[in-house]
Amino acid sequence: MSKRVSKEQRQTIVKRYLNGETAIQLAKELNIARSTIYLWIRREQKSSSKKIQLRDFSRLKIQYERSLRMIHILQTAPCSVSAPLREKLNAIVLMSKDYNVNILCEALKVAKGTYYNHIFRNKKKFSLC
């Protein structure tokens, strides 16, 4: 025999789960299938997905700050993204004193491996002279 659970009771069960109780504990205590509890949790998360979580805000803030740095790099770089590879590599070498190499490579669309190969080849050339 199935028993009907009201919307308020479902929300209470989901809140208890989110506050740390396990679905197994709730299922045993309330005599409800664990899969039903998980279904309610998924539905509640979908309906509350429009709310911004602090974790999402922090992630967006980091992305925003990174985008600002990339814009500043593109504005001050001595070449554009569409410039030949050699010019972009030389620009990264010049700007690496002020910026992180990872963000420079991302902004100028150069693979990090290509940049590091360029650095190692130039060191070899200079050491032979």
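**Colleague's note: a first walk through the model**

1. Let's start with one side chain, Tyr38, which is partly exposed, with a relative accessible area of 35%. Before going further, keep in mind that this is a predicted model.

2. Now the overall layout. Reading from the N terminus, the order of elements is simply α-α-α-α-α-α-α. How much of the chain counts as buried? Of its 129 residues, 23% do.

3. Back to Tyr38, by way of the rings. The structure holds 2 aromatic pairs. In one of them, the ring centres of Tyr17 and Tyr38 are 6.3 Å apart and the planes stand at 85°, so this pair is edge-to-face. Where do the two partners sit? Tyr17 belongs to helix H1 and Tyr38 to helix H3 (residues 34-47), so the pair ties together parts that are 21 residues apart in sequence. Tyr17 counts as partly exposed, at 27% relative accessibility, and Tyr38 is partly exposed too, at 35%.

4. The other aromatic pair is made by Tyr115 and Tyr116, again edge-to-face, with 5.2 Å from centre to centre and 65° between the planes. Are these two buried or exposed? Tyr115 counts as buried, at 5% relative accessibility, whereas Tyr116 counts as partly exposed, at 37%.

5. On to the charged side chains. As a general point, side chains of opposite charge can pair when their charged atoms come close. Here the count comes to 4 salt bridges. One of them joins Glu21 and Arg16, with 2.9 Å from N to O. Glu21 has a relative accessible area of 26%, which makes it partly exposed, and Arg16 is partly exposed at 23%.

6. Arg16 also has Glu29 as a salt-bridge partner, and here the closest N and O atoms are 2.8 Å apart. Why is this contact worth a look? Glu29 lies in helix H2 (residues 23-30) and Arg16 in helix H1 (residues 7-18), so the pair ties together parts that are 13 residues apart in sequence.

7. A further salt bridge is found within one helix. Arg59 and Asp56 are the partners, their closest N and O atoms 3.7 Å apart. Both residues lie in helix H4, 3 residues apart, which is about one turn of the helix. Arg59 is partly exposed, with a relative accessible area of 42%, and Asp56 is partly exposed at 24%. Which residues do shared partners link up? Arg16, Glu21 and Glu29 are joined into one network.

8. Tyr64, Leu68 and Ile71 make a nonpolar surface patch of about 310 Å². Ile71 lies in H4, which covers residues 54-76. How exposed is Ile71? Its relative accessible area is 44%, so it counts as partly exposed.

9. Last, the cysteines. How many disulfides does the structure hold? The count is 0. Two cysteines to look up are Cys79 and Cys105. Cys79 counts as buried because its relative accessibility is 9%, under the 20% cut-off. Cys105 is buried as well, with a relative accessible area of 1%.

How values were computed. Residues are numbered from 1 along each chain as its sequence is written. This is a predicted model: local features need pLDDT of at least 70, side-chain atom pairs count only at pLDDT 80 or more; totals for chains, interfaces and linings use all residues. Side-chain values use heavy atoms; hydrogens and water are left out. Patches are made of residues with over 30% relative accessible area and no salt bridge: like charges are joined within 9 Å, nonpolar side chains (Val, Leu, Ile, Met, Phe, Trp, Tyr) within 5 Å. Accessible areas come from the Shrake-Rupley method with a 1.4 Å probe; for residues, only the protein chains shown count as cover. A salt bridge is a side-chain nitrogen of Lys or Arg within 4 Å of a carboxyl oxygen of Asp or Glu. Helices (H or I, at least four residues) and strands (E, at least two) are DSSP runs, numbered from the N terminus. Buried means under 20% relative accessible area, exposed over 50%, partly exposed in between (1.4 Å probe, protein chains only). A disulfide is a pair of cysteine sulfur atoms within 2.5 Å. Rings of Phe, Tyr and Trp (its six-membered ring) pair if their centres lie within 6.5 Å; planes under 30 degrees apart count as stacked, over 60 as edge-to-face and the rest as tilted.
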